[in-house]
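Subject: Handover of a structure and notes on its contents

Dear colleague,

Please find below the structure that I am handing over to you.

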Amino acid sequence: MRAVGRRSALGLGLGAAAGAGLAGCGTSSPTPGQHAAPAGGERQSAPRQPRKNAPRLIGDGSTAYTGKQPHQPRTPERLEPGQMPPQFVVFSWDGAGEVGNGLFPRFLELARQHDAHMTFFLSGLYLLPESHKRLYRPPNNPVGASDIGYLTDDHVKETLKYVRQAWLDGHEIGTHFNGHFCGGRGSVAHWSSAQWRSEIEQARGFVKSWRTHTGWHELPPLPFDYDKELVGGRTPCLLGQENLLPVARELGWRYDASSPGGVQRWPAKKLGVWDLPLQAIPFPGHRFEVLSMDYNILANQSKNTTRAPSHNYPGWRAQAAQAYTTGFRRAYETNRAPFFVGNHFEEWNGGIYMDAVEQTLKEIADLPDVRLVSFRQFVDWLDVQDPAVLATLRGLEVGRRPPGGWSAFLRPGSTRSR
């Protein structure tokens, strides 16, 4: 990535109030087999098989229909009366570009080893060469502007490679939109619904037309129809959801992961779209909580730098991992609210936040009833549940166990009166 220009919230004041509420994005420059994670049933492992049918190219051949996505969980089923819900965990990645640090393949391999699925929020500009940047017309910003810069051609090719592999491995490809404008008059916080629609159409277009924009016709297509694949996203710095949601609903999106300051409770819908926010989780050694994203933990540790003195790293790494595992345990042992973790492919403070995420995933992957899924797989499960049961689950506050245990709490007839 050639430019570091993400305007971040690192300069905002930190402390008790800001610990959980800081917007969850910052600079993501490299400088500063078998698996299925069932959404509700037992885990299944499906052997990898080569795709037998030739892809049906779409448009200029940048994308293609290749059939049903492989390595998906079994069809989700409703909870039985009195059944304890699974513990869903979603690890998601903002930007989802490979910038030469090997983090994209690292976490694809980790997911394969632990039967995990994830959501990769792809920034559309990561498939647009810098030589064609004037094709991008960001709302309220100059033509070609981008606060995350543009990838080198080699990194665009690597990103294509790993996005392709991610989908074939069963992961979800969402969107992180394009230029990542978080500050000033051009911030996404000020965009109208019409401007969000323009941004989304451009993001989809950059994914669907990368062959035209790069001239790399020898490379294989992305193996999915992006218009059908794209059912949700996360906005830059968790800003602008209010005006985005009407567009998301019109486009048929099923969820949005942009709410700031969420808590560990069962989710609800906004304007007919599932609202799946990052969550406030305990921050070890402090009385305030921190948002469940690498950036926000960093902002409360090293403040205005991504390269603090290295003697801090061991303690901060342990603190980050403990924050994730404590947040997970609070849900797992009480209300079973889904646990959402947001990340970037970054090397901040020596890569300690990537290590913390990997450690957390390894610790929780094999626990009973844990389902490591994508956002799309999670809403697949939500959509088949009895609405009365979901309403009852939403009544459980953060860290609260069901009165009388799960068998009594969700027994037949009990959900109607709650």
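The notes that follow cover strands, a helix, ring pairs and some loop residues.

This is a predicted model, in which local features need pLDDT of at least 70 and side-chain atom pairs count only at pLDDT 80 or more, while totals for chains, interfaces and linings use all residues. Residues are numbered from 1 along each chain as its sequence is written, and side-chain values use heavy atoms, with hydrogens and water left out.

Strands 4 and 5

Helices (H or I, at least four residues) and strands (E, at least two) are DSSP runs, numbered from the N terminus. Strand 4 (residues 119-122) and strand 5 run parallel and are joined by four bridges; two strands pair if DSSP finds at least two bridges between them. Within this pairing, F120 stands opposite I173 of strand 5. Strand 5 (residues 172-175) directs E172 and G174 one way and I173 and T175 the other, and all are buried (under 20% relative accessible area, with exposed over 50% and partly exposed in between; 1.4 Å probe, protein chains only). In a regular strand, side chains alternate between the two faces of the sheet. Together with helix 3 (residues 153-168), strands 4 and 5 form a right-handed β-α-β unit; right-handed means that, with the strands pointing away from the viewer, the path from the first strand over the helix to the second runs clockwise.

Helix 4

The 16 residues of helix 4 (residues 193-208) should span 22 Å at 1.5 Å a residue, and its end C-alpha atoms are 22 Å apart, which agrees. The expected span is 1.5 Å times one less than the number of residues. Its buried residues are W196, E199, I200, Q202, A203, R204, F206 and V207. Among the elements that cover them are strand 4, strand 5 and helix 7 (241-250). Q202 counts as buried at 14% relative accessibility. Leaving aside residues up to four places away in sequence, Q202 touches L135, Y136, R137 and N178 (contact means heavy atoms within 4.5 Å).

Aromatic rings

The whole structure holds 25 aromatic pairs. The rings of F283 and F288 have centres 5.8 Å apart and planes at 40°, so this pair is tilted. Rings of Phe, Tyr and Trp (its six-membered ring) pair if their centres lie within 6.5 Å; planes under 30 degrees apart count as stacked, over 60 as edge-to-face and the rest as tilted. F283 is buried at 2% relative accessibility, and F288 is buried with a relative accessible area of 14%. Ring pairs also link F88, F121, Y255, W266, F340, F375, F378 and W381 into a cluster. K157 lies over the face of W216, 4.8 Å from the ring centre; the criterion is NZ of Lys or CZ of Arg within 6 Å of the ring centre and within 35 degrees of the ring normal.

Loop residues

Most residues other than glycine have a negative phi. F177, in the loop between strand 5 and helix 4, has a positive phi of about 65° although it is not a glycine. F177 is buried at 1% relative accessibility. C237, in the loop between helix 6 and helix 7, has a positive phi near 55° and is buried, with a relative accessible area of 3%. L238 is found in the loop between helix 6 and helix 7 and is buried at 4% relative accessibility. L238 and P260 are 22 residues apart in sequence and 5.6 Å apart in space, C-alpha to C-alpha.

Yours sincerely
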